[in-house]
Amino acid sequence: MESGGNSLPSGPDGVKRKVSYFYDPEVGNYYYGQGHPMKPHRIRMTHALLAHYGLLQHMQVLKPTAAKDRDLCKFHADDYVAFLRGITPETQQDQLRQLKRFNVGEDCPVFDGLYSFCQTYAGGSVGGALKLNHGVCDIAINWAGGLHHAKKCEASGFCYVNDIVLAILELLKIHERVLYVDIDIHHGDGVEEAFYTTDRVMTVSFHKFGDYFPGTGDIRDTGYGKGKYYSLNVPLDDGIDDESYQSLFKPIMGKVMEIFRPGAVVLQCGADSLSGDRLGCFNLSIKGHAECVRYMRSFNVPLLLLGGGGYTIRNVARCWCYETSVALGIELDDKMPQHEYYEYFGPDYTLHVAPSNMENKNSRHLLDEIRAKLLDNLSRLQHAPSVPFQERPPDAELQERDENQDDRDERWGPDSDMEVDDDSKPRRRVKSERVEAEHKDAESYHKHLDCGRDFLTPFKEIACSKVSAGDSMAVDEPCIKEEQDNLKELSDHRSR
């Protein structure tokens, strides 16, 4: 299998990268509820593998600082954040109207510590963006992040706060252009929607399309106004394997990197696209999934790796452990070391698992058509957009703790404080698999507009931030006005 992009440097830098890894030992304690397929415990299992494979000593290990209300409100509506902060399992029966308004209850249940959970995973992603902005590392990792479905004022698909959007907004303070790539089996709708009308963020999502949640991500959805052709969607069918997936991923992402020339890349590594996932229907191996990480790493551009979906948790831990090793340029033994969750990985006790013999419904002809269409879309972008900068807004005020300065033997060693969640309880398919009658139809757009949806609100905030004249980056106000006019025109068009 081809191993890298044209810009892969030779020598030691071709292998090694400085990596900052964000982990909070409390994250595995959060529990969505009995039968719910989303299990934060998988993050603790991943961390245990990293510890016992000896990978932690090769990274800067950081405990994320919890994101504050004002950090979350850089994208999310104030009243939605206030709701998340105040709701508890004990009080939810008194707020049924609010629960419905913010889409909290079934797929996105209220559980103990919900808001703290959101603050933790968002803090890790924004903290990773800060480390990249400051040049502290080449790659930042937050496996607890990547919750790509959350909208400005509603929860969706197990996601409450969109840490990805918040991290991208932080990266935009330094970088003229940011690329977002999503290899979760579900369409990255929340991130695409947030940046649908701007040319400063390109979103590329590889996902199952059809009668499947969230029902968006048609190949014809390409962005709007200045954002036209800056949203790319790669709709796939059941059973896609490593070879078929890479026949699309590498040509498309190679062309994106050539034309868009991002200053930073955010890669959402949702592991529900792996073979054998409880909610997924793809047939990727762990090495095939990680090849996307290896390829994007090869361009030597600041890279933020985030988690996402993944519901067969032993395979999620395997995958994110291996992808951490890919980020570090370290090869791991397939034979798994003994550790506190060793029994989860039987009967083989190996890092890698073989894909199944399920049918690949993605024909060569279909893949060729998708690749040709998307490459044609990219050819319409003549060059990387020129973005005028004047002033740079201040950094987010997140001061994470460097766990390397603590007692690493106590916190990160093989005997670190990791408890096993009960994984034997019955499960049900919570994430509803449905498709809208018309993708991004008027009803969907007006729903978000009615609750205060403004795709460019974050950019307005960046433009209004004032710092010393010595800094030199911000977004021009006329650009914001043009984007808002585009949005109004889109809304009027959809209403007809």
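Tyr349 lies in the loop between α10 (313-328) and α11 (364-379). Helices (H or I, at least four residues) and strands (E, at least two) are DSSP runs, numbered from the N terminus. At 27% relative accessibility, Tyr349 is classed as partly exposed. Buried means under 20% relative accessible area, exposed means over 50%, and partly exposed lies in between (1.4 Å probe, protein chains only). Tyr349 touches Asp334, Lys335, Met336, Tyr342 and Glu343, residues up to four places away in sequence being left out. A contact here means heavy atoms within 4.5 Å. Pro337 is 12 residues from Tyr349 in sequence, and their C-alpha atoms are 8.4 Å apart in space.

The model is predicted: local features need pLDDT of at least 70, side-chain atom pairs count only at pLDDT 80 or more, and totals for chains, interfaces and linings use all residues. Residues are numbered from 1 along each chain as its sequence is written, and side-chain values use heavy atoms, with hydrogens and water left out. The mean pLDDT of the chain is 84, and 75% of its residues reach 70 or more. Over residues 1-13 the pLDDT is below 50, yet this stretch has 24 contacts in the model beyond near neighbours in sequence. The pLDDT also stays under 50 over residues 407-412, for which the model has 16 contacts beyond four places in sequence. pLDDT is the predictor's confidence in each residue, from 0 to 100.

The chain has 496 residues, and buried residues make up 62% of them. Its secondary structure comes to 15 helices and nine strands. Among contacts in the chain with a separation of 6 or more, 82% join residues 24 or more positions apart.

Strand β4 covers residues 178-182. Five of its five residues are buried, so β4 is largely enclosed by the rest of the structure. Both faces are covered. Val178, Tyr180 and Asp182 are buried on one side, and Leu179 and Val181 on the other. β4 pairs with strand β5 (residues 201-208) in the parallel sense over five bridges. Two strands pair if DSSP finds at least two bridges between them. The chain crosses from β4 through helix α7 (residues 189-194) to β5, and this β-α-β crossover is right-handed. That is, with the strands pointing away from the viewer, the path from the first strand over the helix to the second runs clockwise. Val181 has Val204 in β5 as its bridge partner, and Tyr180 has Thr203. β4 also pairs with strand β7 (residues 264-268), again parallel and over five bridges. Here Tyr180 stands opposite Val266.

Strand β5 is likewise enclosed. Eight of its eight residues are buried, so β5 is largely enclosed by the rest of the structure. Val201, Thr203, Ser205 and His207 are buried on one side. Met202, Val204, Phe206 and Lys208 are buried on the other. Six bridges join β5 to strand β6 (residues 231-236), and the two run parallel. Thr203 stands opposite Ser231 in β6.

The largest nonpolar core has 142 residues. Such a core is a set of buried Ala, Val, Leu, Ile, Met, Phe, Trp, Tyr and Cys residues joined through side-chain atoms within 4.5 Å. The residues with the most contacts inside it are Tyr160, Leu179, Phe206 and Met253. Phe206 touches residues including Val181, Asp182, Val234, Leu236, Phe249 and Met253, not counting those up to four places away in sequence. In soluble globular proteins, nonpolar side chains tend to be buried together.

The UniProt annotation "active site", from an unreviewed entry, covers His149. UniProt positions are given in the numbering used here, feature names are shortened, and annotations may be inferred rather than shown by experiment. His149 is found in the loop between β3 (139-142) and α6 (163-171). At 0% relative accessibility, His149 counts as buried.

The UniProt annotation "binding site", also from an unreviewed entry, covers Asp107, Gly157 and Tyr311. They span 205 residues in sequence, yet no two of their C-alpha atoms are more than 13.8 Å apart, so they gather at one spot. Asp107 lies in the loop between α4 (96-101) and α5 (114-133). Its relative accessible area is 12%, so Asp107 is buried. Tyr311 lies in the loop between β8 (303-306) and α10. At 2% relative accessibility, Tyr311 also counts as buried.
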